[in-house]
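Please look over the sequence and the structure below.

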Amino acid sequence: LTKEQAIATAEREVRFEPNIANVKLLRQGLNAKPYWFVNLSTARGEDELPRRLVVVKIDAKTGSVVEVDRQR
């Protein structure tokens, strides 16, 4: 799964139009399984804190969504 595919997958999990996407590929667990962590958020200006934030964890091999954390 590419970075761009991970972002597209994560965007399907939210009910808003994100204007900020931060993406990291991390390995977790004993077998060091790779996961994409995609943070999607909205902000009006560069100095403003995000109004909405969702973190989507995606299996980097299968492309399946493992977890969605909706921050408030």
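In strand β4, Glu-67 is the bridge partner of Lys-57. Gln-71, also in β4, is the bridge partner of Leu-53. In total, six bridges join β4 to strand β3, residues 52–59, and the two run antiparallel. Two strands are taken as paired if DSSP finds at least two bridges between them. Strands (E, at least two residues) and helices (H or I, at least four residues) are DSSP runs, numbered from the N terminus. This is a predicted model, in which local features need pLDDT of at least 70 and side-chain atom pairs count only at pLDDT 80 or more, while totals for chains, interfaces and linings use all residues. Residues are numbered from 1 along each chain as its sequence is written, and side-chain values use heavy atoms, with hydrogens and water left out.

The hairpin of β3 and β4 has five residues between the strands, and Gly-63 takes a positive phi near 80 degrees there. On the β2 side, eight bridges join β3 to β2, again in an antiparallel run. Leu-40 stands opposite Val-54 of β3.

These pairings belong to an open sheet of four strands in the order β1-β2-β3-β4, with antiparallel pairing. Its edge strands are β1 (20–28) and β4 (65–71), each of which pairs on one side only. On average, neighbouring strands of the sheet are turned by 15 degrees against each other, direction ignored. Axes here are lines fitted to C-alpha atoms, for helices over the stretch in contact, and angles run from 0 to 180 degrees between N-to-C directions.

How does helix α1 sit relative to the sheet, and at what angle to β2? Helix α1, residues 3–11, lies across β1, β2 (33–42), β3 and β4, and runs at about 55 degrees to β2. Contact means heavy atoms within 4.5 Å.

A nonpolar core is a set of buried Ala, Val, Leu, Ile, Met, Phe, Trp, Tyr and Cys residues joined through side-chain atoms within 4.5 Å. Buried means under 20% relative accessible area, exposed means over 50%, and partly exposed lies in between (1.4 Å probe, protein chains only). The largest core has 13 residues, of which Ala-10, Trp-36, Val-38 and Ile-58 touch the most other members. The elements giving two or more residues to this core are α1, β2 and β3. Leaving aside neighbours within four places in sequence, Val-38 is in contact with residues including Ala-6, Ile-7, Ala-10, Val-23, Val-54 and Ile-58.

Which residues form the salt bridge? The structure holds one (a side-chain nitrogen of Lys or Arg within 4 Å of a carboxyl oxygen of Asp or Glu). The side chains of Asp-59 and Lys-33 meet in this salt bridge, at 3.0 Å from N to O. Asp-59 lies in strand β3 and Lys-33 in strand β2, so the pair ties together parts that are 26 residues apart in sequence. Side chains of opposite charge can pair when their charged atoms come close. Asp-59 counts as buried at 5% relative accessibility, whereas Lys-33 is partly exposed with a relative accessible area of 36%.

The side chain of Asp-59 also reaches the backbone nitrogen of Thr-62 at 3.0 Å. A polar contact of this kind is a pair of N or O atoms within 3.5 Å; within protein, one must be able to donate a hydrogen and the other to accept it, and residues adjacent in sequence count only if both atoms are side-chain atoms. Neighbours within four places in sequence aside, Asp-59 is in contact with Leu-1, Lys-33, Pro-34, Tyr-35, Ser-64 and Val-66.

Arg-27 is in strand β1 and counts as exposed at 58% relative accessibility. Its side chain reaches the backbone oxygen of Ala-32 at 3.1 Å. Not counting residues up to four places away in sequence, Arg-27 touches Ala-32, Lys-33 and Pro-34. The C-alpha atoms of Arg-27 and Asp-69, 42 residues apart along the chain, are separated by 18 Å.

Pro-18 has its place in the loop between α1 and β1. Is Pro-18 buried or exposed? At 14% relative accessibility, Pro-18 counts as buried. Beyond its neighbours within four places in sequence, Pro-18 is in contact with Glu-11, Leu-40, Ser-41 and Thr-42. Between the C-alpha atoms of Pro-18 and Ile-58, 40 residues apart along the chain, the separation is 17 Å.
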